[in-house]
Amino acid sequence: MTEKRQVFSLRQVVSSIKKTIEERYQQTYWVKAEMHKLNLYPSGHAFPELVQKENGKVIAQLSGTIWKHHLDKINLKFVQVLKEPIKEGSTLLMEVKINFSEIYGISLAILDIDLNYTLGELQRERQETLSKLHSKGLLNKNQQVPFPLLPQRIAVISADSSKGLSDFMQVLNQNNFNYAFFTYLFPAYLQGDLAAPSIMKQLQRIEKVKHHFDVIVIVRGGGGEVGLSCYNNFELCQAIANSSLPVLTGIGHSTNLTVAEMIAYRNAITPTELADYLIQAFHEFSVPVERSIEKLKNLSTLILEQAKQDFKQQVQLLKSNATTNLKGNRTSWHMLSRQLNAKSILLIERQQHHVHYLQKQLINQAKLHQQAQSKHISDLSDYFIQQARKIVAHYTEQIELQSRHIQMLDPKNVLKRGFSITRYQQKTISQKNVPQKDDLIEIETYDLKIRASVQ
Amino acid sequence: MKEEISYTAAYEELQRIVVDLEDGEISVDELSDKVKRASELIKICKKKLTSTEQDVNKILKDLEE
């Protein structure tokens, strides 16, 4: 059972598809897609890979074609307006015609690219980098790195051939002040797609030898103002922000500031201006030093002069003080001695008066006392005389009484009455005085004395 | 003269001496010593401005490590 089969040649199929597609897609369309690779050929034509990604995965892919005359026209517009050629990896809005080639198959012939859309995309990238840096707290990080008093040892990120580098070096090395700078070049691409990774690599190398350097500079210039959107690249900006040395930029352009310039420690519009800034830092160190020489000279002279004057003044003051003191003392001595004199005289006079008074008082008192005493004495003597008389009278009476009594007791009176006294050896006879036989005794009577012997 | 003093320290000390002089904090007795010290510091600062002692070989060696 063989059916009658219709067999087509490949060309017939391809032609048919081509015809169908051309009929179906007669007009041009605006398509948004990421240009993954440009694939520029030496012929000047480009065959870019166009993709659409979702969550990082390619969900649609198609080849594109940009003929040389279209590409030239598009690039011209880009560079003029955006200062950027078409960049790989960026999302573009393209005017395309769907094309089918018998040999290469289906592709999108790119006729034009919307500039405004790309501009927006660049803006968006810049904005995104800024907000990412902001959220990580990196916007001011490099600006807070301490800046050396003298930015003398400079790590230069630039390209050997860069006009910007030679301008920079010339200004530094030909300064009129004999300031010494040390520079060491870390070569890198300065624009286009390769710039960000190559600058980042050099930043890493510098970090390794940071103790040899004071600052990092990124200088560029003279290469036209094309391909600077790399300085909006987030990774590069992050690396600059995290650098432990201050990063200074002088990438020479007149368009909007890139993010790298915004977050660098300092941005100068051109490499020349950047070199001037470094020289200025030297001035700021040098001027106070020079001034201090002048100040030291002037102030020392002033201090010495002042000291001399002070001394002179002190001497004069001492002299005048001494004179014044002496004069003052002399006057006060005079006054004191006068006062002393006067007071002494007064005192002596007073004392004399007092003594006179006391003398008078004493004499009066003495007189009074004497009078009183003499009266008392005469009173007493009268009294004594009276008393004495009384006593004498009394005693006279007593004596008379006694004498009468005594007279009565006189042995003669007894003898008168006939009694006699017998004595032996001058003593009256008693038990103790007994005369023996023939002893001579004496017998006394009133008017006789008889001697007798004992029988 | 202390050779090991850094230019930063020298600069700061110099400024301090000048300020002290301006404020009249330095007596005639100290003046001579202070001026002597200041001139040493000035020498250090001026030398730093006009000379560098960087060794490229050291940098290269450190880069290779």
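This is a predicted model: local features need pLDDT of at least 70, side-chain atom pairs count only at pLDDT 80 or more; totals for chains, interfaces and linings use all residues.
Local features were taken at pLDDT of at least 70 and side-chain atom pairs at pLDDT 80 or more, while totals for chains, interfaces and linings use all residues; side-chain values rest on heavy atoms, with hydrogens and water left out. Residues are numbered from 1 along each chain as its sequence is written, and chains are lettered from A and ligands numbered from 1 in the order in which they are written.

Helices (H or I, at least four residues) and strands (E, at least two) are DSSP runs numbered from the N terminus, and two strands pair if DSSP finds at least two bridges between them. Strand 2 (residues 49-54) of chain A is joined to strand 3 (residues 57-65) of chain A by six bridges in the antiparallel sense. Within this part of chain A, Lys53(A) stands opposite Val58(A), a residue of strand 3 of chain A.

Buried here means under 20% relative accessible area, exposed over 50% and partly exposed in between, with a 1.4 Å probe and protein chains only. Six of the six residues of strand 6 (residues 153-158) of chain A are buried, so this strand is largely enclosed by the rest of the structure. Arg153(A), Ala155(A) and Ile157(A) point one way from strand 6 of chain A, whereas Ile154(A), Val156(A) and Ser158(A) point the other way. Strand 6 of chain A pairs with strand 7 of chain A in the parallel sense, again over six bridges, and Arg153(A) stands opposite Phe182(A) in strand 7 of chain A.

Rings of Phe, Tyr and Trp (its six-membered ring) pair if their centres lie within 6.5 Å; planes under 30 degrees apart count as stacked, over 60 as edge-to-face and the rest as tilted. The count by this rule comes to 15 aromatic pairs over all chains. One of them joins Phe186(A) and Phe213(A), with ring centres 5.9 Å apart and planes at 70°, so the pair is edge-to-face. Phe186(A) belongs to strand 7 (residues 182-187) of chain A and Phe213(A) to the loop between helix 5 (195-208) and strand 8 (215-219) of chain A, so the pair ties together parts that are 27 residues apart in sequence. Phe186(A) is buried at a relative accessible area of 0%, and Phe213(A) is buried at 2%.

Another pair crosses between chains, from Phe285(A) in helix 8 (residues 271-409) of chain A to Tyr11(B) in helix 1 (residues 7-22) of chain B. The rings of Phe285(A) and Tyr11(B) have their centres 4.5 Å apart and their planes at 20°, so they are stacked. Phe285(A) counts as buried at 1% relative accessibility, as does Tyr11(B) at 12%. Ring pairs also link Phe177(A), Tyr179(A), Phe181(A) and Phe282(A) into a cluster.

Chain B itself has three helices and zero strands. Of its 65 residues, 34% count as buried. Glu12(B), in helix 1 of chain B, is partly exposed at 47% relative accessibility. The C-alpha atoms of Glu12(B) and Leu41(B) are separated by 9.3 Å, although these residues are 29 apart along the chain.

Finally, the cysteines. Zero disulfides (pairs of cysteine sulfur atoms within 2.5 Å) were found over all chains. For Cys237(A), the nearest cysteine sulfur is that of Cys230(A), 9.3 Å away. Cys237(A) is buried with a relative accessible area of 0%, and Cys45(B) is likewise buried at 0%.
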